[in-house]
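Subject: Structure handover

Hello,

Here is the structure I promised you. Please open it first, then read my notes below.

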Amino acid sequence: MIRKIILTKPQTIQKTASFYSEALNEAQMEVVTKADGAALVLAGAGSGKTRTLVYRLLFLLDRGVRPENIMLVTFTNKAAHEMRHRAEKHLNQDIQNLWCGTFHHMGHRILRMYAKEAGLNPQFVIMDQDDSRRVIKQCLSSMKTHSSRVKFPQASVIQKIISLAVNTRKSIESIVLEQYDYFIPFIDELNQINKEYERRKRESDNLDFDDLIVLWIKLLKECESVREKLTNRFIHCLVDEYQDINELQNEVVELTAKKHGNLLVVGDDAQSIYSFRGAQVKNILKFPDRYPHCKIFRLESNYRSSEEIVSLANRSILNNEQQFRKKLVSLAGSHERPLCVRVRETREQAFFVADQLIELMDQGIALSDIAVLFRARYQAADLEWELSRRQIPYVLRGGVRFFEQAHIKDLCGYLRIIQNPKDAISWDRVLGFYPGIGPKTAHKLHQAYMQFILQGKSPKVLCESQWPPSTLKSAGAKLREFQSIMKGLFNLQEQNTDPESFILYLLDSNFKRMMENRYDNAKDRLDDLLELSRFARHYETVGLLLNDISLKENFKGESFDGSESSERPEQLILSTIHQAKGLEWKAVFILGLAEGQFPHHMTANNPEATEEERRLFYVAVTRAKQKLYLMHPLTRYDRQAGTVIMRTSPFIKELPEESYELAEAMTEDQFDLQEEDTIFLT
DNA sequence: GAAAAATGGATTTTT
DNA sequence: TCCATTTTTC
């Protein structure tokens, strides 16, 4: 027998020391070259955190670490793409086998590799949040044990509670006690619903988002062979946005990094804004306690924002108790003071922004270099209307996600039935399209079908006259079109056709007419579906396509081929602050800096929640490079109460007056009545 | 008994 | 504007 020896190919061309020192400052250089073992990087806003991580990655590769031995966890797919793309650009070649993505992505990848060990049916399909909500709703109606006298929580609230319990590794009871005390009487029922929810998920071979991580942890804990493979594999673990990590994710990180102990976490405690998903600032604050020998690095030079903007941000965050004290120093030079603009009402807020956009563009700032940020989606409504009226192009980030739109899910329903006959939610959805069939009948039809499958019949029995059985014949007559569509899909499946053809087939079948009947803007929606078919080209199987669709976070109007980092189209960005994390613009408007809007009224009287709101404000402010507008509408319109007066946001009031300039904007007729020194606007 | 139509109510942030 | 519950129809 001849011994086989595997040679390691050199992965990259060796970079010289100057390659790093030219691109990085001293502090960043330290991180890149010395962050072995446990390391915490406290990276302030605009301090070149992404750049540092990319160079750390290059450095590791340079040192001969193989890409498959590195795990780089990011918060969004977009961030993952961005980093990979930048690293590949430096190397001038693709980095094969690097594990770079979100927690959910990696969980998915691992569960696919080890489906058998995890006790999963390999054809499992991932549900999104809306699917979870629907399943819970079904659980609710099937149990209907709750008394209708007191209002029982809605499906979406139950979903939130269950998910929060999973992500914080607490019981439902303690979540309810801590955050939903008005549901205390329902704790038993909630536990029951949770049980039923779990049962249904398992029965239909569906995994929800949280399962991707829960089962990954389970695999690491309970399956020794897999644990060995996975912990040996990841010699270096790098975690981005560590301040937003929750207990569940933390556990997966610790288990994975335990063996080699090379755990580099990067984050900014001042930017922790995801507590509603179970994230806790304390994770980053306590990191040095958990790893007593860890190295701590600080990146406190800000290359993004002007001195005035950084100063305002620093002043603001000083009001928070829970934090690592650090001071961000601006290296971007002096510009002008942020402008706090008072307007009479929310519509005038939109007028001001629109007017000012024109002004900024006259000054040579590109529309794509400007963003409007807000706390909650509805705050953008007036502005959207005004922008459309003036024909200013914009994209709204934070609306419905592209892949969560009803028509996309309608089409995927058919594909999911083919992929996984047990998928109860999809059956419910698809059969509901046909007149005369509602949830009850759909359920029975699905049950009847599963009976056939269990008897060993081929899935194609669906298209034959044996199905549905005679007890359901009256419903069966309404399903001719359904059966003919399914027949076509089964045929494609037998021919092993690519996913794109599946979609094109559906768009050519009577599915198209159904869409036209169902939606008044069917044309747009069918265009979206055509777009989906193009997206599907990148996938080999329908199963892989479906699971990626569930995990994609792209919004309507964004491209989703992964090439987004190159050049931005010439349009204004409207975004929630949460969605704006990690991004930057020359000019930024923040809407609704009024009491009740920002900080959000739900957080009043809760000091911890108010601190998180302040961190959110901090994130918003530090997105701006040169110009920052803090908008304060004095009134808002409420359906019941009519016009409501709003006071200045405490986040503005607590700032020293010299940190911003105050302006008042009004329309021409109002201006005539005033003589004070104000900004003139039409 | 189940589906369709009509009415009433409410809205933070997201992988 | 969209969603959930109630009322009406088959």
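Two strands pair if DSSP finds at least two bridges between them. Helices (H or I, at least four residues) and strands (E, at least two) are DSSP runs, numbered from the N terminus. With that in hand, V73 stands opposite G101 in β3.

Some ground rules. This is a predicted model, in which local features need pLDDT of at least 70 and side-chain atom pairs count only at pLDDT 80 or more, while totals for chains, interfaces and linings use all residues. Residues are numbered from 1 along each chain as its sequence is written, chains are lettered from A and ligands numbered from 1 in the order in which they are written, and side-chain values use heavy atoms, with hydrogens and water left out.

V73 belongs to a parallel pairing: strand β2 (residues 70-73) is joined to β3 by three bridges. Both sit in an open sheet of six strands, ordered β3-β2-β6-β7-β1-β8, with parallel pairing. Neighbouring strands are turned by 10° on average, direction ignored. Angles here run from 0 to 180 degrees between N-to-C directions, and axes are lines fitted to C-alpha atoms, for helices over the stretch in contact.

Helix α5 (residues 103-113) lies across β2 and β3. It runs at about 135° to β3. Contact means heavy atoms within 4.5 Å. Phi of N92 is near 65°, positive although the residue is not glycine.

**The seven-stranded sheet**

There is also an open sheet of seven strands. The order is β13-β14-β12-β15-β16-β11-β19, and the pairing is parallel. At the edges are β13 (394-397) and β19 (661-664), which pair on one side only. The twist averages 20° from one strand to the next. Strand β11 (residues 339-343) runs parallel to β19, with four bridges between them. Among the partners, V341 is bridged to A663 in β19.

Please also check the loop between β15 (585-590) and α28 (607-621), where P599 is placed. The peptide bond between F598 and P599 is cis, with omega about 5°.

**DNA strand B**

What surrounds DNA strand B? There are 26 residues around it, and R375, R401, G436, G438 and T441 come nearest. A residue is near a strand if one of its heavy atoms lies within 4 Å of it. By class, this surface has nine nonpolar, 10 polar and seven charged residues. The classes are as follows: Ala, Val, Leu, Ile, Met, Phe, Trp, Tyr, Cys and Pro are nonpolar, Asp, Glu, Lys and Arg are charged, and the others, Gly among them, are polar.

Helices α20 (439-454) and α27 (577-580) each supply at least two residues of the surface. The largest share, three residues, comes from α20. Of the DNA atoms within 4 Å of the protein, 66% belong to sugar or phosphate and the rest to bases.

- R375: a polar side-chain atom lies 2.3 Å from a base oxygen of DNA strand B.
- G438: a polar backbone atom is 2.6 Å from a phosphate oxygen of DNA strand B.
- H104: a side-chain N or O atom is 3.2 Å from a base oxygen of DNA strand B.

**A helix pair**

Helix α10 (residues 209-222) packs against helix α12 (residues 247-257) at about 35°, with axes 10 Å apart. The contact residues divide into eight nonpolar, two polar and three charged. Those in α10 include W216 and I217, and those in α12 include L248 and V252.

Best wishes

Note on methods
Polar contact = N/O pair within 3.5 Å; in protein donor to acceptor, adjacent residues only side chain to side chain.
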